[in-house]
Amino acid sequence: MPKYVAAIDQGTTSTRFIIFDHGGNIITADQKEHQQIYPKPGWVEHDPLEIWERTLQVIDGALKKASDQYSVTSNQIAAIGVTNQRETTVVWEKETGRPIYNAIVWQDTRTDSICAELAKNGGQDRLRSKTGLPLATYFSGPKIKWILDNVPGARARAERGELLFGNIDTWIIWNLTAGVYVTDVTNASRTLLMNLDTLDWDDEILKLLDIPRAILPEIKSSSEIYGSAKGALNGAQIAGDLGDQQAALFGQTCYSAGEAKNTYGTGCFMLLNTGEKPVPSKSGLLTTLAYKIGNQKAVYALEGSIAITGALVQWLRDNLGLIRQSSDIEALAQTVEDNGGVYFVPAFSGLFAPYWRSEARGVIVGLTRYVNKGHIARAALEATAFQTREVLDAMEKDSGVKLTALKADGGMVFNELLMQFQSDVLNVPVVRPKVTETTALGAAYAAGLAAGFWKDFDELRANWGRGKEWSPKMDSASRERLYLTWKKAVTRTFDWAE
């Protein structure tokens, strides 16, 4: 009897392979970073072949640890789920598997002019009623168009059916299974090409963006058996596929309408389960798929996407040398009592929710001679909490649901200073679960359900345990004063890039 399920978690900066037991506990894991490529300001790329190589390395690494420590073999793994950085776009040759260009990452802003051109007729929201999304550089559709327009011969080859497109989930599954060509509804809902009602590619939009249907994968549910793995995982069923933020919602067991989670990673992503009907947003949020389990009805979510949170800490480390490792940010921020009047708005890729302003650029405001690097570090952490508050305000406005507690996960949830400030700024408790790898866990859950390893949501809910909780301590006058000054700082980022 198989005793485990596993997940490939392919993120923006690294790839992980994690093996879980029936209780949702981590048995073992392996992780490797990959290179971030910045060819021009605002451009961000990854090498898809390097990502695939890292995937193979972490599978081998975790299997070896599992075998050494627990005598686990690959045939004891019931099923494998895949979760991925969403919107990051790969186009490759069907015959050789060779990408025709680097992967264009979700943060990349090169498709600005494509989006502006499309918005001339019908504005930024012209595709929102069908897709739930504004026209923005964030999504895959304009990135596919850019590749087909800019790589010599690509368009003609795409029309002849020689090329394939995928977000990273499709790329991984295609390589892992030697040719199964699928995506799931959550990933497809991030392309700007899928119709939220039909859950299929929309022919009108494909025509508008001049993207041949032949290069798009088949859209499946998030939990079903897609195919069998080759290589080190030979024969294991690939049975779960969820974009990373939806996977975290799933791993946090937010299965009822009104339940929400926030993931603190490279960016920050808050998702609210809205049930079986898409809720259109009037406040700058995205209407997206939460998950679809086999033949069951699709479940929808409202999402607030923030481009830069953990990435700001990396930037202070790598670009400014202010800290030696990311975890040093908390100690540096604790050398001061407060932000010293400094606000840091990290609009490095423009502003995502709730503004959707691709021309915005990052600012640090409120500088005086009094300010030192501790204040800058503190302002960088506070930026994450303030941006989350803006998204939560929009969510409550759209859904009419008042949040009573926020389930938090991702790398930054171990930063005590940030989590306390987050609770203070939101005025609700912030809860960290016992297992914080909720993205990988969500993909493992989806795969395990398809393979019969878990029987239902109740079994998964029983696995969820509270790790730590932070409660608000700030008085309301301070909270509102800080937040209003933040909102003022945000306006200083507008209209910067031409």
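**Entry 1: overall**

I began with burial: of the 498 residues in the protein, 63% are buried (buried means under 20% relative accessible area, exposed over 50%, and partly exposed in between, with a 1.4 Å probe and protein chains only). I note that this is a predicted model, in which local features need pLDDT of at least 70, side-chain atom pairs count only at pLDDT 80 or more, and totals for chains, interfaces and linings use all residues. Residues are numbered from 1 along each chain as its sequence is written, and side-chain values use heavy atoms, with hydrogens and water left out.

The C-alpha trace spans about 60 × 55 × 45 Å along its principal axes.

For secondary structure I have 16 helices and 23 strands. These are DSSP runs numbered from the N terminus, helices being H or I with at least four residues and strands E with at least two.

I then checked contacts, meaning heavy atoms within 4.5 Å. Of the contacts with a separation of 6 or more, 71% join residues 24 or more positions apart.

The accessible surface is about 18900 Å², and carbon and sulfur atoms hold 49% of that. I took the areas from the Shrake-Rupley method with a 1.4 Å probe; for residues, only the protein chains shown count as cover.

I find 53 positive and 58 negative side chains, with the centres of the two sets 2 Å apart. Lys and Arg count as positive and Asp and Glu as negative, while His and the chain ends are not counted. Each charge is placed at NZ of Lys, CZ of Arg, CG of Asp or CD of Glu.

In H2 (residues 112-119) I list Ile-114, Cys-115 and Leu-118 as buried. Down the helix axis these buried residues fall within an arc of 95°, so they line one face of H2. The arc is that of the directions from the helix axis to the C-beta atoms. I recall that an α-helix has 3.6 residues a turn, so residues three or four places apart point the same way. The buried residues of H2 pack against helix H4 (140-150) and helix H8 (203-209).

For H10 (310-318) the buried residues are Gly-310, Ala-311, Leu-312, Val-313 and Leu-316. I see them packing against helix H11 (328-333), strand S19 and helix H12 (373-399).

**Entry 2: H9 and Thr-253**

I counted eight of the eight residues of H9 as buried, so this helix is largely enclosed by the rest of the structure. H9 is followed by Thr-253, which has a positive phi near 55°. Thr-253 sits in the loop between helix H9 (244-251) and strand S15 (260-264). Its relative accessibility is 5%, so Thr-253 counts as buried.

**Entry 3: Leu-289 and Leu-199**

I placed Leu-289 in strand S17 (286-291), where its relative accessibility of 0% makes it buried. Leaving aside neighbours within four places in sequence, its contacts include Val-185, Met-194, Leu-199, Gln-246 and Tyr-300. Gln-246 is itself one of the buried residues of H9.

Leu-199 lies in the loop between strand S10 (194-195) and strand S11 (200-201). I note a positive phi of about 55° there, although Leu-199 is not a glycine. At 18% relative accessibility, Leu-199 is also buried.

**Entry 4: other loops**

I found His-34 in the loop between strand S3 (26-33) and strand S4 (45-46). His-34 has a relative accessible area of 6% and is buried. Its C-alpha is 6.9 Å from that of Glu-50, 16 residues away in sequence. Glu-50 is among its contacts beyond four places in sequence, as are Gln-10, His-46, Arg-54 and Gln-85.

Asn-415 is in the loop between strand S21 (406-409) and helix H13 (416-426). I have it as buried at 9% relative accessibility.

Last, I looked at the peptide bond from Ala-353 to Pro-354, which is cis with omega near -5°. Pro-354 is in the loop between strand S19 (343-345) and strand S20 (363-365).
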